[in-house]
Amino acid sequence: MTQFPRLSDLAADYDAILCDVWGVIRDGSDLLPEALDALRQYRAQGGVVVLVSNSPRRAASLETFLHQMGAGEDVWDAAVSSGEATHALLKTRAPGPAFKLGPDTDDALYRDTGLEFAKLEDAAFISCTGLFDWSKETPEDYTDLLTEAKLRRLDMICANPDIVVQFGDGLRYCAGALAAKYEALGGRVIMAGKPHPPIYDLAYREIERLRGEAVDKARILAIGDGPITDIKGAQAEGVDALFIAGGILAEQFGGAFDADKAAALLKEDGHDARYCAPKLVW
C-alpha cells in the first residue's frame with residue numbers, strides 16, 4: 001500500500017475517477033474544500049470524475065444538493081447513485097405494494113416507479129431508504145418490525161448499503177444497518193449500490209459517454225472511505241482504490257493518521273487498497 005499519496009502523484013496513471021461523496025468530499029455537514037479542489041485540478045488535466053454515492057437520492061437530486069451546498073460546476077463530470085440504480089430495480093416491482101421504510105424526505109426516489117404503498121401486513125416487499133429518524137434512532141429500535149417482516153418472508157430492497165456515514169464529528173446509521181440486521185434475522189436483502197455491480201455498471205456507462213470510448217479498468221481509480229462498500233466494491237471490480245482513512249474510520253486513529261493501521265483495519269475484513277491517505281488533496 002502506497003502511503004500519503006496526493007492525487008497529483010496519481011493523476012497521470014488514471015483516465016477516470018470514481019469518487020465517493022460522504023467521507024471524501026463532504027463530512028456530512030460541510031463540503032471539504034481541499035477534496036473539491038483536488039477533483040477540480042484532476043479534471044483540468046483531462047481526467048473524468050464520476051461521483052459514485054450510496055445516497056438513496058437519484059443522481060440529479062444528489063448533484064443539485066451538492067451544488068446548493070456550494071460545490072461548483074467544475075468539480076465533477078457526472079454522478080451515479082445507489083438511489084438511481086435502486087429506482088430501476090423498484091420499477092420492476094411495480095405496483096408492489098411496498099412497505100416504505102425511511103423518512104418522507106426520500107420520497108423523490110419513488111417518483112415514476114409505479115409503486116403503491118401499504119402497511120407491513122399487506123406489503124409484497126420492503127423498500128428501505130433509511131431509519132425513519134436517523135438523528136435519534138438505532139437499528140435496535142427496528143427489531144420487532146424486522147422480525148415480523150421476516151416471518152412474512154418479505155424481501156427488503158435497500159437503497160443505501162452504507163452501515164454508517166460521517167456526519168460532522170460523529171456517525172449516523174444508514175439503511176445498510178437495517179439491511180444487515182434483517183439479514184442477521186434471516187431476511188433476504190437486495191441492493192444495487194456499492195459494493196454491488198449495478199451502480200458500477202452505471203458509472204462505466206457514464207465514463208464511456210464522457211470519453212467517447214470504454215476505459216480499461218486499469219486506468220480507473222476508485223476513491224472512498226468505506227471498507228465494505230468503496231474498497232470491497234473496487235476490489236470486486238478489479239479497480240485500484242485510494243482509501244480515505246479520515247472518513248468513517250477517523251475515530252480509530254485518535255487524531256493521528258497511521259497508514260499501517262489503516263492497512264490492518266482493511267485486512268481485518270479481507271480488503272486491501274493500493275493507496276491510503278488521511279484525506280483527498282491535490
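**Helix contacts**

I looked up the contact of α7 with α8: Pro197, Tyr200 and Tyr204 in α7 meet Thr229, Asp230, Gly233, Ala234 and Glu237 in α8. Contact here means heavy atoms within 4.5 Å. Helices (H or I, at least four residues) and strands (E, at least two) are DSSP runs, numbered from the N terminus. By class, this contact of α7 with α8 has four nonpolar, two polar and two charged residues. I count Ala, Val, Leu, Ile, Met, Phe, Trp, Tyr, Cys and Pro as nonpolar, Asp, Glu, Lys and Arg as charged, and the others, Gly among them, as polar.

This is a predicted model: local features need pLDDT of at least 70, side-chain atom pairs count only at pLDDT 80 or more, and totals for chains, interfaces and linings use all residues. Residues are numbered from 1 along each chain as its sequence is written, and side-chain values use heavy atoms, with hydrogens and water left out.

Next I checked the geometry. The axes of α7 (residues 197-211) and α8 (residues 227-237) come within 11 Å and cross at roughly 70 degrees. That makes α7 roughly perpendicular to α8 (65 to 115 degrees counts as such). Axes are lines fitted to C-alpha atoms, for helices over the stretch in contact, and angles run from 0 to 180 degrees between N-to-C directions.

I then turned to α4 (residues 82-91). Its axis and that of α7 come within 9 Å and cross at roughly 110 degrees. That makes α4 roughly perpendicular to α7. Ser82, Glu84 and Ala85 of α4 make the contact with Pro198, Ile199 and Leu202 of α7.

A cavity is a set of points, on a 1 Å grid over the protein atoms alone, where a 1.4 Å probe fits but cannot get out; a pocket is an open set with protein on both sides within 12 Å along at least five of seven lines; lining residues have an atom within 4 Å of a point. Grid points are joined across faces, edges and corners, and a volume is the space filled by probe spheres set on the points.

The largest cavity holds about 60 Å³.

The largest pocket holds about 930 Å³. Of its 45 lining residues, Pro56, Trp134, Asn160, Val165 and Cys174 are the closest to its centre. Helix α8 gives the most to the pocket lining, with four residues.

Technical notes
Parallel < 35°, antiparallel > 145°, perpendicular 65-115°, else oblique.
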